[in-house]
Amino acid sequence: MSRILNITILLVLLVAPIVAGYLGKPFWFDVFTRIVVLAIMASSLYLLLGVAGLASFGHAAFLGIGAYSVGIPAYHAIYGGAEWLASNNGWWHLLLAMSVSALFAVITGAISLRTRGVHFIMITMAFGQMLYYGLISLESYGGDDGLSIDLASEFHGLNLEDPLSLYLTCYFSLLVVLFIVYRLSSSHFGRVLTAAKQNEERTNALGVNPFRYQLLAYVIAGMIGGYAGVLSANYSLFISPAMVEWTRSGELMFMVILGGVASLFGPVIGATVFIFLEWVLSRFTVFWHLPFGLILLAVVLFARGGISGLFQRKNA
């Protein structure tokens, strides 16, 4: 049953936006693009939360790093200055986003992974907020007001200014990310992370240092997050410090928990349900976070394993 659900969601994500585009419903095209971008971001968090058991509350920082890696070079390509940085070349944006994300992950991860539990949550949130206030101080790039992107990333043979091309790029990127996360989680690397999540002292006693594996997982998740940031910037053509605020990290965590922490497709299901719930509830009240919080609480209390776990139990 859960496998059927996973395949159904992937097919709907592939077909529905294309149908919406042909029917002249650009709103739904935008909704599905946002779902897929957030699903990529949530899948990177799943590698930490679901596989390694590391609840990072600053994961949205990587989304912001990726987005600003598009916005800042595009800004200088139009208005001049920083010639070494100015470009709308998509490969340069990707290189910048993933390398800066990796560097940020190495530095913050090496410090954060010295702690556990609530201390790890708080220190990752602290690093995310440091980046948030750092971006606010960049008045040249809009500061708190953000920055509009006038030039989308250019890839040879790929036009990201076309909504369909951008969506298909995001969709197939999601498939690649899911495959990467699946291969990592089912490999020796993933088994060490799972063992450390269950009992870190016993893993150390077996002669395996989990810190190196956890740090590498943190860096990989950060790089995937930076890639999602590049896609997000090309989708919204706008960047702002709000992208890295701790509430955004909380939303990503909600998506993983809602879909199912123990399921590879949990982040995809969670992102899909999250966006549709946000849309439905916001039509009734601006305080949609309250009923959504109650729904999430109900899922945690009565549907252990999230939505995907609920379907697995029905199938059993």
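Helices (H or I, at least four residues) and strands (E, at least two) are DSSP runs, numbered from the N terminus. The views below show a predicted model, in which local features need pLDDT of at least 70, side-chain atom pairs count only at pLDDT 80 or more, and totals for chains, interfaces and linings use all residues. Residues are numbered from 1 along each chain as its sequence is written, and side-chain values use heavy atoms, with hydrogens and water left out.

**View 1. Helix α3 and the residue that follows.** Helix α3 covers residues 60–79. The expected span of a helix is 1.5 Å times one less than its number of residues; for the 20 residues of α3 this gives 28 Å, and the end C-alpha atoms are 28 Å apart, which agrees. Of these 20 residues, 16 are buried (buried means under 20% relative accessible area, exposed over 50%, partly exposed in between, with a 1.4 Å probe and protein chains only). Just after α3, G80 adopts a positive phi of about 85 degrees.

View 2. On a 1 Å grid over the protein atoms alone, a cavity is a set of points where a 1.4 Å probe fits but cannot get out, whereas a pocket is an open set with protein on both sides within 12 Å along at least five of seven lines; lining residues have an atom within 4 Å of a point. Grid points are joined across faces, edges and corners, and a volume is the space filled by probe spheres set on the points. The model has 1 cavity of 30 Å³ or more, and the largest cavity holds about 40 Å³ of space. Its lining consists of G58, A61, F62, F104, T108, T124, F127, G128 and Y218. Helix α5 (118–136) provides the largest share of this lining, with 3 residues. By class, the lining of the largest cavity has 5 nonpolar, 4 polar and no charged residues (Ala, Val, Leu, Ile, Met, Phe, Trp, Tyr, Cys and Pro count as nonpolar, Asp, Glu, Lys and Arg as charged, and the others, Gly among them, as polar).

View 3. Rings of Phe, Tyr and Trp (its six-membered ring) pair if their centres lie within 6.5 Å; planes under 30 degrees apart count as stacked, over 60 as edge-to-face and the rest as tilted. The structure contains 20 aromatic pairs. One of them is the edge-to-face pair of F62 and Y218, at 6.1 Å centre to centre with 75 degrees between the planes. F62 belongs to α3 and Y218 to α9 (residues 210–236), so this pair ties together parts 156 residues apart in sequence. Both F62 and Y218 are buried. The ring centres of Y75 and Y141 are 5.4 Å apart and their planes stand at 85 degrees, so this pair is also edge-to-face. Y75 lies in α3 and Y141 in the loop between α5 and β1 (147–148), 66 residues apart. Y75 is partly exposed, at 23% relative accessible area, while Y141 is buried, at 14%.

**View 4. The two largest pockets.** The largest pocket contains about 370 Å³ of space. Among its 15 lining residues, R34, L38, L63, S232 and R248 lie nearest its centre. Helix α10 (246–259) gives the most to this lining, with 4 residues. The second largest pocket has a volume of about 280 Å³, and α3 gives the most to its lining, with 6 residues. The lining of the second largest pocket comprises 12 nonpolar, 2 polar and no charged residues.
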